[in-house]
Amino acid sequence: MEKEYNYSEIQKKWQKYWEENNFYRAEDFSEKPKYYIMVMYPYPSGSGLHVGHCRNYIPADVVARYKRMKGFNVLNPIGYDAFGLPTENYAIEKGIPPQEITKKNIEIFRQQLKNLGISYDWTREINTSSPEYYKWTEWFFLLLYKRGLAYKDYSAQWWCPHCKTVLANEQLINGKCWRCDTPVVKKRLAEWFFKITEYADALEKDLETIDWPEKIKSMQKNWIGKSKGTEINFKAATADGTEYDIPVFTTRIDTIFGVTFLVVAPEHSLAKTLTTEENREKVLEYIKKAESEKEIDRLSTEKEKTGIFTGSYAMNPLNNEKVPILVGDYVVGTYGTGAVMSVPAHDQRDFVFAKKYKLPIRQVISPDGKEHELTEAYTEDGILINSGAFSTLKSNEAREKLATHIEKNHLGKSVTRSHIRDWLISRQRYWGAPIPVIHCEKHGIVPVPEENLPVLLPDEVDFTPRNTGESPLANDLDFVNTTCPICGGPAKRETDTQDGFACSSWYYLRYVDPHNDKAPFDRKKSDYWLPVDLYIGGAEHAVMHLLYSRFYAKVMYDAGLIGFNEPFKKLLNQGMILGIDHQKMSKSKGNVVNPDDVIKQYGADTLRMYILFMGPFDQDAIWSVETINGTHRFIKKLWTLFTSAIEEKKTEKVTLRKEKEINVIQDKMIQKITDQLENYKFNTTISSFMEWLNFLNKSAREIPDIIKTDAFTETMETFIKMLAPIAPHMADELWSRLDHKESVHLEQWPQATGIYKEEKVSIVLEVNGKVRDTIEIGKDTDEQTVKEIASNREKIKKMTSEGTILKIIYVKNKLLNIVLKK
């Protein structure tokens with residue numbers, strides 16, 4: 001039997017076996033408990049997969065394989081987000097139809113995924129650009145339209161001059177198109193919108209019911225931006241004496257006497273009007289730059305706030321004090337009134353801003369009713385000071401009395417505001433799902449009857465984008481000209497196509513019933529499989545795909561189509577893989593690593609194991625040739641030891657002490673690795689396997705005959721079973737060489753016997769050197785795990801949310817101290 005690990009032949013052998021035996025086909029309505037795991041499906045670009053894709057596909061596959069061995073009926077599907085601008089742009093450049101490009105690219109992606117040994121149910125593969133799929137994307141448009149949630153309206157929208165299409169607010173990055181990096185401009189067009197604002201309350205409230213990273217929840221809450229407060233009118237005047245009202249929205253009306261300046265958004269209707277002549281040139285330049293930035297970036301708490309003085313002043317209606325008016329990039333025109341009152345003594349953002357621009361800071365809220373020297377903003381409730389007749393009132397009482405006073409004297413009103421705006425879904429491109437609407441002169445907008453779906457994209461069309469604001473579909477008169485379904489008179493089809501996120505907002509449902517031609521999905525199947533138990537993908541989709549998918553689910557729930565209102569129970573975000581130059585991988589930088597090349601050099605199992613070993617799953621990691629070489633050496637050591645042991649005949653010549661030690665270590669590793677996989681600690685899982693193998697190799701060196709014992713064979717079989725989700729090809733090969741007739745992937749996950757008892761230790765948790773909590777964990781638990789456990793303790797979570805973490809000091813098995821900047 002060969003000693004060398006011939007990974008190329010082994011991979012081919014087992015991939016063929018799995019495919020021929022439909023190994024990973026999910027069973028609808030199985031008696032086993034279901035487990036539905038999904039990765040965010042790929043966009044099938046011409047360059048194929050790169051190792052960055054592997055960062056979520058491989059860990060997700062490990063979970064799927066592990067869950068199958070734990071007795072679950074696992075659905076692990078894949079598909080392709082095939083509509084989109086890159087394919088259309090490439091088609092224009094090369095003169096090749098997008099359909100041909102997409103088909104070719106999908107074939108490449110499919111083979112690459114199979115080469116990785118991913119255990120997808122290939123019978124459920126979907127392609128969003130196929131008529132069989134987008135028929136139902138159109139159907140969902142009609143559902144929203146019939147429920148009063150889709151409408152057409154004129155508005156000024158972001159326009160990409162290169163892609164020649166509009167973009168939603170969420171699709172801007174630093175004022176540029178998220179696809180082609182071209183600076184965007186505003187253009188007024190008639191567009192289709194979905195009324196996502198109707199679900200703002202539910203989208204915010206239900207975040208508490210799902211197990212998602214706090215960062216993603218926070219991003220969605222900020223984007224939805226729902227808040228109750230008071231709208232109050234400040235009076236402003238231009239140089240010629242013309243007066244204007246500037247309504248300002250605030251949730252802290254109790255701080256009104258502390259206002260020392262006003263900030264309006266760059267897009268505010270009065271920003272230019274109130275700018276004096278001597279300040280005009282600089283202000284206009286500032287406005288132009290700020291308007292090109294994406295709203296969510298401007299609102300980010302991490303971005304430095306900037307502003308510029310207009311030269312004009314406003315009057316505070318409560319104390320008649322004049323305060324300067326600035327234009328600031330951190331205020332956006334679509335949130336609230338587009339103007340904010342700035343109270344630097346009681347808002348940290350305003351405090352930093354006031355210090356930077358040397359603006360006054362006046363304390364009007366105090367913890368004890370006395371004035372204090374402030375080194376930072378006092379943001380808590382307290383007792384009002386320096387607030388005229390309202391001084392000595394507590395904040396909550398003052399808010400009520402001030403709101404009443406303002407309304408009684410017609411200075412403003414109590415209101416509830418949301419930042420979120422309706423979802424712009426129109427795209428002036430060819431390669432997208434058609435909007436199933438007909439325009440009739442007599443009957444206006446008429447939805448296409450459901451029995452006439454899908455509205456098919458014409459195969460032959462001049463899909464060069466038009467500068468008129470129309471889709472290339474407007475070039476095809478055979479497509480455009482039709483008849484009205486109501487009166488039979490001449491009519492025209494809608495030529496805009498839908499935003500690609502309309503396709504991905506429901507694709508998790510199509511996986512459960514991908515071949516249904518009568519409905520988008522079968523209700524019984526959706527009731528069995530959904531919601532998705534674990535969804536894995538990038539954090540960059542926080543306020544686009546993830547928000548839109550939740551919106552679609554809530555609409556369907558209200559329509560009685562599904563029995564759940566949140567599509568994804570648990571969400572994990574993977575970190576990014578950076579090139580060896582520590583930069584994000586890109587073709588232009590020449591630092592992209594192709595998984596095909598890695599598999600050819602090291603084998604798929606080495607790549608799988610290395611991806612898991614790179615570092616904590618949710619953190620960025622740097623591609624390292626040295627580390628993947630080390631991982632490959634581990635694979636070869638494992639192969640050498642186990643194949644040698646398999647070849648040896650059994651003997652009883654070994655000490656009972658060593659056999660017992662082998663059994664204890666095995667029990668320890670079952671407990672440890674199981675816990676690590678349950679908590680998605682993939683990097684420490686690989687460390688545990690390495691630790692286990694080092695012990696077995698050392699045992700074999702100390703007592704060569706140990707590999708001939710039943711105890712070693714048993715631990716070797718346990719090792720292989722537990723390695724199977726991670727290195728599936730090698731595991732199946734070694735398992736078969738142990739004379740097992742069935743695949744190792746059909747085995748049950750090993751159970752610990754309990755002969756290994758983990759020693760516990762108490763870890764003291766400190767914040768800035770003061771004891772705040774204690775936790776009890778296993779002795780020698782790795783530092784990363786200790787940090788994560790500590791950060792999820794309520795006391796620690798509350799304190800760290802109020803400051804910036806400067807550093808974390810960990811003394812093994814004793815203490816963890818979090819140092820905060822207050």
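**View 1. An open sheet of 4 strands, in the order β6-β5-β9-β19.** The strands of this predicted model pair in the antiparallel sense. Strands here are DSSP runs of E with at least two residues, helices are runs of H or I with at least four, and both are numbered from the N terminus. Two strands count as paired if DSSP finds at least two bridges between them. The edges are formed by β6 (165-167) and β19 (423-424), each of which pairs on one side only.

**View 2. The pairing of β5 with β6.** Strand β5 covers residues 150-160 and is joined to β6 over 3 bridges, in the antiparallel sense. W159 lies opposite V166 of β6.

**View 3. Helix α5 on the sheet.** Helix α5 (residues 131-146) packs on the sheet and touches β5 and β9 (185-194); contact means heavy atoms within 4.5 Å. The direction of α5 makes about 85° with that of β9. Axes are lines fitted to C-alpha atoms, for helices over the stretch in contact, with angles from 0 to 180 degrees between N-to-C directions.

View 4. For C487 the nearest cysteine sulfur, that of C484, is 3.8 Å away. C487 is partly exposed, at 37% relative accessibility. For C503 the nearest cysteine sulfur belongs to C163, 17 Å away. C503 is buried, at 1%. Buried means under 20% relative accessible area, exposed over 50%, and partly exposed in between (1.4 Å probe, protein chains only).

**Notes.** Residues are numbered from 1 along each chain as its sequence is written, and side-chain values use heavy atoms, leaving out hydrogens and water. In this predicted model, local features need pLDDT of at least 70 and side-chain atom pairs count only at pLDDT 80 or more, while totals for chains, interfaces and linings use all residues.

Methods: Disulfide = S-S within 2.5 Å.
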